[in-house]
Amino acid sequence: MTATMREFRDRATIAIEDVRLQTALEAATGRFCTARAAALAKLPWVEAMRDQFKAMRAATLANLAQHLEQFERQATAVGAQVHWARGGAEACAIVTGIAQRRGVTLVTKSKSMATEEIHLNTALAQAGIQPVETDLGEWIIQLAGEAPSHIIAPAIHKTKEQVAALFAQELGQTELPADIPALTAVARQMLRAKFLAAGMGISGGNLAVAETGSVVLVTNEGNGRMVTSAPPVHVAVIGIEKIAPTWDDAALWLSLLARSATGQPMSIYTTVVTGPKRAGDPDGPEEVHVVLLDNGRSQLIGSKYEEILQCIRCGACLNICPVYREAGGHAYGSPYSGPIGAVLSPLLFGLEKYPALPHASSLCGACKEVCPARIDLPRMLLELRADLVAQGLASPVEQFLEQGAALTMRSSRVWQFVTAMGRWGQRPLLQNGRLTLPASLNPVGERQLPHLAAKSFRELWRQGEV
Ligand code: SF4
């Protein structure tokens, strides 16, 4: 998908006018924000932990190749097979190749943004392999034929009434109660048979630990454990940046991840996969494969965007973002939405495909405040806006306005002249004492702003009014 100015505005407008979507988004993001704040407030040393975490992530990225090679050595030593994928197509070919070699026709999957990023389900289906999502939210959107709208809660945009109607339709029933325990029981019953029949389980990985060659998954539903232990083959697809050098680093990572994501001290299940099952193990996969996915990440190392690779996909920046909370995830046209998606999508998939996303922010700074790694998302959004202009991807109107603003701010005389003209020119745009920018002038829709004051500070000063 893409997100041009028009596409983003059109999709956001549909979302804003959808009362049910707004209700679902407001309830869920509000709940996550409250839970996060309460969980972090219980840690008196949380700010020091965040500083330490950021330093650890930066130091890891500075020596990423070394940590990845250590991971490969350790994982291979315990019997896992490590694959390197430069791009999405290569990763898909590796995974489908493993499935075909084993004669697999059904795979179960736990939630994985990396596999969303590379469109693995499409590749599997094209190879005649049926992928079944087993995270409840992912299963819901798979049934609905939709993309995830939140990185940790993919079906955040759906109310329980919509899910009940979807399940009833899929099960061929006339009606199901909009009751969450009843709906999860339906999902459990449907998915249990798939877990047992699947020839391969595919997961992502919240992180990989270099010192033992382990992949760590955090889930709240237990489906991750079924996917990684019931089928005879397990494949984990994980971005190359998700590496923790040691278990001490992993412990710090995990202690911030769940608190920032859902407000839990720990997720219900933390699963560690270190190679296939050993002699005497009652269960576990016979083969474990880890696909280390680059897909544009390595080109960010050493660039002004390297910091984005510190992200641990907690979703806190989405929940707090005023644009995401109104527009919803689908407006971004990418698996990654919200502030992290607004930066990551253009960097991984091309600025020319996502020119609207650097503008899908009010630059209020709330995302940076809540980010466990204190990633400076607003700075990178501004860098991307500058790149849009530098690469000739900004609209002619925007380029004209940017150049005009730069010219104006270089001279106090020009500034005084332009602001005087602005006070006069803003009159047709004033509504109820607010400057109202029409949607045609603003990529994220109609916007109200403070208007220029009747007198400038210089005039007030000259006239002795301050
Ligand atoms: S940018 Fe920060 S807050 Fe947003 S998902 Fe990544 S780690 Fe979480």
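The points below cover the model's basis, the domains, the ligand shell, a helix pair and a set of strands.

1. The model is predicted, so that local features need pLDDT of at least 70 and side-chain atom pairs count only at pLDDT 80 or more, whereas totals for chains, interfaces and linings use all residues. Residues are numbered from 1 along each chain as its sequence is written.

2. The protein chain is divided into domain 1 (43-298) and domain 2 (396-462), with bounds that come from an automatic or database domain assignment. Taken over C-alpha atoms, the centres of the two domains are 49 Å apart.

3. Around the ligand there are 14 residues, the closest being Cys 311, Cys 314, Ala 316, Cys 317 and Cys 371; a residue counts as near if its C-beta atom, placed from the backbone, lies within 6 Å. This shell comprises eleven nonpolar, two polar and one charged residue, where Ala, Val, Leu, Ile, Met, Phe, Trp, Tyr, Cys and Pro count as nonpolar, Asp, Glu, Lys and Arg as charged, and the others, Gly among them, as polar.

4. In the contact between helices H9 and H10 (DSSP runs of H or I, at least four residues), Lys 160, Val 163, Ala 164 and Phe 167 of H9 meet Ile 180, Leu 183 and Val 186 of H10, contact being C-beta atoms, placed from the backbone, within 7 Å. The residues of this contact are six nonpolar, no polar and one charged.

5. Strands S12 (residues 434-437) and S11 (residues 430-431) run antiparallel, joined by two bridges, and Gln 431 has Arg 434 as its bridge partner; strands are DSSP runs of E, at least two residues, and pairing requires at least two DSSP bridges. In their hairpin, with two residues between the strands, Asn 432 takes a positive phi near 50 degrees. S12 also pairs with S13 (residues 447-449) in the antiparallel sense over three bridges, with Gln 448 as the bridge partner of Thr 436.

Conventions. Contact = placed C-beta atoms within 7 Å.
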